[in-house]
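Dear colleague,

I am handing over the structure below, together with some notes on what turned up when I went through it. Please have it open while you read.

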Amino acid sequence: MKLFLKGIYHSFPVQLVMLHFKKFQVLLIFWFVLFSTVNGTFMKSFGADSLYLAPEYLGNVSMLAALFVGLAIGVFIMSWNITTFILFSRHFRFLATTSNPFLKYCVNNVIIPLVFLLFYFLRAVEFERNKELMTYGEITLLVLGFLSGLILIVVISLFYFFRADKNIIRRLTPVISNPQLFKAQFKKEEMRLNQSRLIKVETYLNAVLRIKKVRDVSHYSREFIETIFSRHHFAAVVSIFIAFIGLIIMGFWLDSPLFQLPAASGITLFFAILIAVSGAFSYFLQSWSIPFLVMLFVVTNVLYRYEIIDPSNKAYGLNYKNKAERPLYDSDNLLSLCTPEKMEHDKQQFISILENWKKKQAEAKPLMFVITTSGGGNRSATYTMNVLQHLDSMTHGDLMNKTVLITGASGGMLGATYFRELCRERSAGKPINVQDKMYLNDISNDLLNPLFTSFVARDLAAPAQRFKVGPYEYIKDRGYAFEQKLNANTRGMLNKQLKDWYEDEKNARIPLMLFNSVVTRDGRKMVISTQPISFLMRPAYDSIHLTDADPDAVDYQALFAKQDPLNLRMLTAMRMNATFPYVLPNVWLPSEPVVDVMDAGLRDNYGQETALRFIQVFQQWIRDNTAGVVLIHIRDRKTGGWEHPYEATNITELATKPMLLLEYNWYKMQEYSQNDMMGLAQSILGSYFNNVTFVYVPEKNEARAALNFHLTKSEKKDIASALSSPGNQQAFSKFGQLIKTSHSLTIR
């Protein structure tokens, strides 16, 4: 038994696994991320596991989608094999004397990939059955698709190296026949150099999985062995280069849905590139790797500083050309945009919009609806659409007519914007039933696949490609890919510019929409609107004390008045409002100094801050002209902060708790502050203020829809069923009672 265990320990597969942990552990990080993602541990709240376990292609979880994921994981496995073969082959000199050494290496390096694949299949079958609600027949097709892609890549790779082996042997035949390369005996020092200090290998598996003893290579010179390995290394580098060229070519065709691979494919291909690059650095630069990286960082930073390279994402539609006319982003300029006179002027102009809205109403003193919706990716977008469709049905198609303002954050605004546009098209006479479930399916459709594919094939690999919005030109990147997919999901209805909504919002034919984002420089809110809104730039203090209040928000249109602000694409305004950190690029704006903005949820994830300030500014008009304001609040998480308590369950979490406390409790602290503001609004307006809140509450906490731009079938079903929760039924009942009360008033 002891000899048996010793034999296993000194076998090539086991020694390879040990060598991975002894040397270049950084390469194992990629496997760790894959394992933890598939397990649902890594980025669990974002639903990263669904991207691998339920891949989508052309809008469907299908055999073809699974095939692409299989191809990508096959590329990852082969990239890992190629990279580690280049790095480790010097420890296994016996491989140089075998036929097809790279094939032998792959066969013996199979333990980690095999464990991952078995784990992946077990998790995938469970996920498809419970989350995607598939039959075993459908699951079998997905497994066959995945295996087909995986096997295809492995066969192509091994065929390539098999041909490379034949060429290497043909070229080295004259060398092998040279008797001077074969020595009867080596000096002891030469023998020592031909053996690895790290490992001892006695047996290995051949191509047909038979156990073979390692051949003695002492009669070969080191020059001969190194020549064979260097030839294989060159073939490996060529294969990686060919794969990279393939990514560049794909980047040029990415606008076509056919080239928008499943998100898991994009992520895995990105990992494959990182493995290849890190391996190349380690092999070619050896101990110079870190100095080279430092030098590369310094040079890149200098090039960026002097604007020789510019990786920043732009707001599509804005004018970035004339730098001399860029507005100053400083205290004095922001204060000049919200002087008491300017705020009063904009306030009076907006009152004319309110008067236009009132003229449409049947009641002498109608109820005014203000809608806020929370961030939360496709989860919030879908839930928002669900709620608005139901409310529209309760008001007999009159919801948008009674609504003055819609604001919020991230995904919720995607759903609300699409719903408003459907109602606008219906009002224009188009045969649209806004309660139709197909529109709900539209907004719940995947947005991640083109985003990640673009990140890998376009942002990292392909040369810059350009497109135009009006007279201005921009570079295509993952932000552009996101907008194009959102445009396709919403049937092209939102592929317009702000100026296309200007007249309708000014004349109150549709509700005003306020898109928020956060300036990373100082945390101020960038508020995008078709109308001037300087009165929202700072708290509504008494005019005597107004100068004491520094602006905490920026009127986008006023700040960029010379940059053609209404030329901005609506799709871009929505993306700026929903810029998930790292997933989507921050948007850089043409100011001096240049500022960038990101997700609105960083400042006001529920939209209440902006809505309550608006209500406070127009409180007197509301008292004089309406029966009151109804704040319709749509949120994708429970109130009270009990849902995800921050608990330290191990020593690591205990050590990091002080650093991560703010991050884990960010939304809860927003809620506490905004509840205080709600109380103040209630005390100011009294019976003129009503609040109706709809909350997404999953049937089971562990089955909660992920905060993601991708939803599974079971998650979509769970979101739809949330409308039937006791709390939401009470909210619908309260809303219905408010409508009845409004109708009982004197009709004009």
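This is a predicted model: local features need pLDDT of at least 70, side-chain atom pairs count only at pLDDT 80 or more; totals for chains, interfaces and linings use all residues.

The protein chain contains 30 helices and 16 strands, and of its 748 residues 54% count as buried. Among contacts in the chain with a separation of 6 or more, 80% are between residues 24 or more positions apart.

The largest nonpolar core has 155 residues, of which Tyr120, Leu589 and Ile632 touch the most other members. Helix H5 (residues 63–88) supplies the largest share of this core, namely 16 residues, and at least three residues come from each of domain 1 (1–304) and domain 2 (323–640 + 666–739).

Thr530 may be worth a look, as it belongs to the loop between strand E11 (525–528) and strand E12 (553–555). Is Thr530 buried or exposed? With a relative accessible area of 4%, Thr530 falls under the 20% cut-off and therefore counts as buried. Its contacts, again leaving aside neighbours within four places in sequence, are with Leu498, Trp501, Tyr502, Glu505, Leu512, Gln557 and Leu566, while the side chain of Thr530 also makes a polar contact of 3.0 Å with the side chain of Gln531.

Strands E8 (residues 466–469) and E9 (residues 472–475) run antiparallel and are joined by four bridges, with Arg466 standing opposite Ile475 of E9. The two strands form a hairpin with two residues between them, and in the turn Gly470 has a positive phi of about 65 degrees.

Finally, the UniProt record, an unreviewed entry, places the feature "transmembrane region" at residues 64–90, 102–122, 142–162, 234–253, 259–281 and 288–306. In the model, the chain over residues 102–122 is 90% helix and 0% strand, with its end C-alpha atoms 29 Å apart.

With best regards

Notes: Residues are numbered from 1 along each chain as its sequence is written. Side-chain values use heavy atoms; hydrogens and water are left out. A nonpolar core is a set of buried Ala, Val, Leu, Ile, Met, Phe, Trp, Tyr and Cys residues joined through side-chain atoms within 4.5 Å. Buried means under 20% relative accessible area, exposed over 50%, partly exposed in between (1.4 Å probe, protein chains only). Domain bounds come from an automatic or database domain assignment. A polar contact is a pair of N or O atoms within 3.5 Å; within protein, one must be able to donate a hydrogen and the other to accept it, and residues adjacent in sequence count only if both atoms are side-chain atoms. Contact means heavy atoms within 4.5 Å. Two strands pair if DSSP finds at least two bridges between them. UniProt positions are given in the numbering used here, feature names are shortened, and annotations may be inferred rather than shown by experiment.
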